[in-house]
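I opened this notebook to keep track of what I looked up, one topic at a time. The entries below are in the order in which I made them.

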Amino acid sequence: MENTLLRQHAEQQFAEELAALAEMDDRIRPPHWKLSPWAVATYLLGGKLANGFEVSAKYIGSRALVEIAVATLATDRALLLYGVPGTAKSWVSEHLAAAISGDSTLIVQGTAGTAEEAIRYGWNYAFLLTHGPSQDALIPSPVMRAMREGQIARVEELTRIPSDVQDALITILSEKALPIPELNAEVQAVKGFNIIATANNRDKGVNELSSALKRRFNTVILPTPATLEEEVSIVLTRSTALGRALELPAEAPAPAEVRRVVTIFRELRDGLTLDGKTKLKSPSGTLSTAEAISVVNSGLSMAGHFGDGKLHADNMAAGVTGAIVKDPVQDRVVWLEYLETVLKERDGWQDLYRACREIVE
Amino acid sequence: MNESNPIYTVFGIRHHGPGCARSLVAALDALQPDILLIEGPPEGDALLPLAASPEMRPPVALLVYAPDDPGHTAVFPFAAYSPEWQAIHYALRAAIPVRFMDLPQKHWLAIKKQEADQRISEKANEGEGESADQWISEKADQRESESPPLPLSPSPPLLPADPLDLLAHAAGFEDGEHWWEQVVEERGGDAEVFPAIVEAMGAVRAVIRELDPTPRDALEPLREATMRQTIRQAQKEGFQRIAVICGAWHAPVLVEMPSPKEDQAVLKGLPKLKVAATWVPWSYAHLAYESGYGAGVVSPGWYEHLWSERNEPTAHWLARVAGLLRDADLDASSAQVIDAVRLAETLAAIRGRARPGLEELNEAAQTVLCFGDPLPLKLVRRRLIVAEKLGQVPPDAPIVPLQADLEATQRTLRLKPETERKPYDFDLRNATDLARSALLHRLNLLDIPWGKAQHGGGGRGTFHELWTLQWDPAFTVRLVSMARWGNTLEQATTAYVAHMAGQAAALGDLTDLLDRALLADLPDAVVALTTQLQAQAALSGDVAELMSAVPPLARALRYGTVRQTSGAGAVDAAAFETILDGMIARVCIGLPLACSSLDDDAAGKMLKHLEGLQDSLGILQHDTWTMLWQETLLKLADQSGLHGLVAGRICRLLLDAGALPHADVTRRLGLALSPGTPPLQAAHWLEGFLRGSGLLLLHDETLWATLDTWITSLSAEDFVAALPLLRRTFSAFSAPERRQMGERVVGGRRAAKDGELAVDATRADAVLPLIAQLLGLNSQRKDAETQSRKEK
């Protein structure tokens, strides 16, 4: 396939790496797995193979978390990736499915309107009316297909799906079978079948999982980046790449400015200054890495279109304030406290302090 | 076992390693030694038989201290699973002699004392300008030197901190701790491990010696020479199967004996100090590495589990975790435990381990039992992994230094512990009484309520404190259990207060502790508390709580020295200022929000906080804070929807501070009392404004007139509604004030009509000479004054 696609699936984009891993992988593979658990973990975390082949890192973060996720899928319990928005949940889910089954496309997107048919099966009504109920009139869901073929099915945003529809998963996960009462038949899952679901824990008005369903998932919480350096490098690479894609007329962001944004975000998110000396209140927003990227990007856009093309404090002040003050009353107090007790005293940050102060006042 | 030395066998162990302990017991059973030599202070030899007492329950610690200088101590903790403890029990069971063989503490402590003295004299030479940071790091150094250095202690920068890292890296592990855990601790317990340890450590020591020939610790050659000498002595006494138990690090140098002369030379002329030893109860929390104990282990509770649960430790552990979670009202079903066991085992398999370690178990518990939430694991960590276990020592163990310190203090201060109730009256200007008061306050902090303070008794000045003293023998038990916090009352109380500060949830608890620490004269604890207070203040969203925390801090900063205590004087005043700075800034930012939409009760409370803060700022005399505060109040005075009580009080505070011009205050009074304002709100405003002092009203003609106009303009209905509030306001004034007001109301109308008060100049002049005489003015000035008065 020529590279005219806007975005390739993981198994297409990293086909070479997957093939190299499969070749080198001499460990025991669970039934229907394309790779051994060890190789799956290596695929996600990156590393050098014995033959010198370099596997790129798909997920930058804790090794233990990836190992838990892979081990969970190997024990036939379903995996729930949980976390604030922008922590690479879907990304990890896609790559796990690609590495284990070689297919990341068996996917159910959870929305408030997701119906039971999307998880169980639907009917081809024209066929049903003319020929009566039969296997041929049945339209299998991605989950049903995964059960038949022993593959990994993905459910995105599980908590957005209405509770009664969510519970359709209980039989599938505990009995490993999907009854079709209309045909007096059932589909029994082949070894290798499992489900990776993602959900985010910040949204309001979601449908919490029933405890019966929750119990059938192993929950792995994906955290925000562990260190300042890690986060700065993620923001720098992503915003530079995005800036190029959007053809912004500004220069690439200076690492020093990015570092300041990421520092503010991290300090407020953790409720602690980086030197560990002062505790802080946290605002209601998530302040994820993704938001830091968008702040830098809008700053770049401002600088390019209205400024001298270089990212300055006043280009970012509005974006930073907007990302932090989501609740006009409580968050404003948090932000003001932060400005007065932390930023004001910090050497070389006075420009940012003044710019932010102007906007909040 | 060790073929080159048939007479003695060296067992290199890790302190507090359950796997080591198990292997050691097996090895001793096989060897059947006729004497045991254990790494530890020889001063403890006499105390060893007590270990077999049924009332002795580990964790306990062997405490060696200098009776004349309780600041210098060494602690050797033992858990049930410590190899040394098991070895001692083996020896007592088998009725064979057992001896400690390390460098005697009389030398060790003397050397440490010399070093400390040297440091102090160096510090004195450096000058007085010592910052809080320096002070704290100095303190940390001290603590390190107090606990016995572990065989694997810090090293020069070139080498890894833990020499085991060298072996671990070679075996493909991340660090030595993990490596040792898996290779030695978590395996079944076989005697073959010991020759391997000696060999491995020999290799490590050779590598390290090559990289850096200087010993890792100046005391190390001395200690190892002593150990070898003890072994030689045992050989000389004719023992045939000597078992030597020491930290793995020392094992190789005990196997290869140099000539006795070398060791004798090393040990010549060491300084000496008088020391004593005893057993004290210890706790797992103090055994844990995080408590700052050098040879500590990361997870004492887990080790105990490994020690006591030989079969199926994985399933047992996760079942205990589930039980703990259920006790905390969190769901944890048996099905989940089964799943967690499976996940832990799969994880161990992926990582190439024979059985799940603590790491895998924690991850499995978090993922399956806690639904990914790390919070419940904190409970697991506290209750199971570290475990809150306190040891016990038999009552016939020698008294602990803390007890000795209390007895010495009681003697110096001439306070006898008597079980009869006895009242005391302390005059705090007197040094002895002050020290007595501090002693009782300290004991109270340790939960030993020997003395109860009588509050507000007799209405005497602040220099008097009334106490009732009654000793209870149970206090001694409590005191012994407190011995793990320190060896003098001051040390122990300071450490205990710092510990309690870490657990205090509310800001109020902290300020309360701070007050008590100041009374107990504990400057170090005050430092710890203020740090904690700062952290809590930053998180507190409750402005009222913040405001209530300011006055005690202000008192501490300003009056710390009234009791002649070192209180805030010794504590860096700058530290206090930083905290107050942050708190006042937070209060000023949050106050407008906190004052909006208050009901009557809340407004009453807010009023107290406002006054408290105003008073504190008055005490502090800090221009920046006062300015910030007044700006906030000014902003607040214009805020709409403010409760009348608060608005009135703010106006008054501003007037008293001279921040609002008089005319403006009158205008505000007029606005507040104008017909547009609901009468109830107006009455509240007035209550807030006048509260506590009617003098203002008596002396300010305009205010009086405005008030008068308002009351007379009220309709009968509104007047009745406002009457209770007005009555409440006015009844708080003193009787003479009220009488004067009454007189003003009767006579006031006429005066108001006349426009000005009529003064009879002749009658007034008649009083002046007497006043002048009373004031001691000379006649000339009197004349001049009479003159000017007449001209007027």
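My entries follow, beginning with the ground rules.

**Ground rules.** I note that this is a predicted model, in which local features need pLDDT of at least 70 and side-chain atom pairs count only at pLDDT 80 or more, while totals for chains, interfaces and linings use all residues. Residues are numbered from 1 along each chain as its sequence is written, and chains are lettered from A and ligands numbered from 1 in the order in which they are written.

**Chain B overall.** I looked up the elements of chain B and found 36 helices and 10 strands, where helices (H or I, at least four residues) and strands (E, at least two) are DSSP runs numbered from the N terminus. Of its 792 residues, 41% count as buried, a term that requires 20 or more other C-beta atoms within 10 Å of the residue's own, with exposed meaning 12 or fewer, partly exposed in between, and C-beta atoms placed from the backbone.

**I88(B).** I then turned to I88(B), which I located in helix α2 (residues 83-94) of chain B. I88(B) counts as buried because it has 23 C-beta neighbours inside 10 Å. Leaving out residues up to four places away in sequence, I88(B) touches I38(B), L48(B), A51(B) and V98(B), contact meaning that the C-beta atoms, placed from the backbone, lie within 7 Å.

**Two helices of chain A.** I checked how helix α3 (residues 37-45) of chain A packs with helix α5 (residues 89-101) of chain A, and found an angle of about 140 degrees with the axes 10 Å apart; axes are lines fitted to C-alpha atoms, for helices over the stretch in contact, and angles run from 0 to 180 degrees between N-to-C directions. The residues that meet are V40(A), Y43(A) and L44(A) from α3(A) and H95(A), L96(A), A99(A) and I100(A) from α5(A).

**Strand β10(A).** Finally I asked myself how many residues of strand β10 (residues 194-200) of chain A are buried. The count is 7 of the 7, so β10(A) is largely enclosed by the rest of the structure. On one side the buried residues are N194(A), I196(A), T198(A) and N200(A), and on the other they are I195(A), A197(A) and A199(A), which leaves both faces covered. Strand β3 (residues 78-83) of chain A runs parallel to β10(A) and is joined to it by 5 bridges, two strands being paired if DSSP finds at least two bridges between them. Y82(A) stands opposite A199(A) there. Strand β7 (residues 152-156) of chain A is also parallel to β10(A), with 4 bridges, and A153(A) has I195(A) as its bridge partner.

Technical notes:
Contact = placed C-beta atoms within 7 Å.
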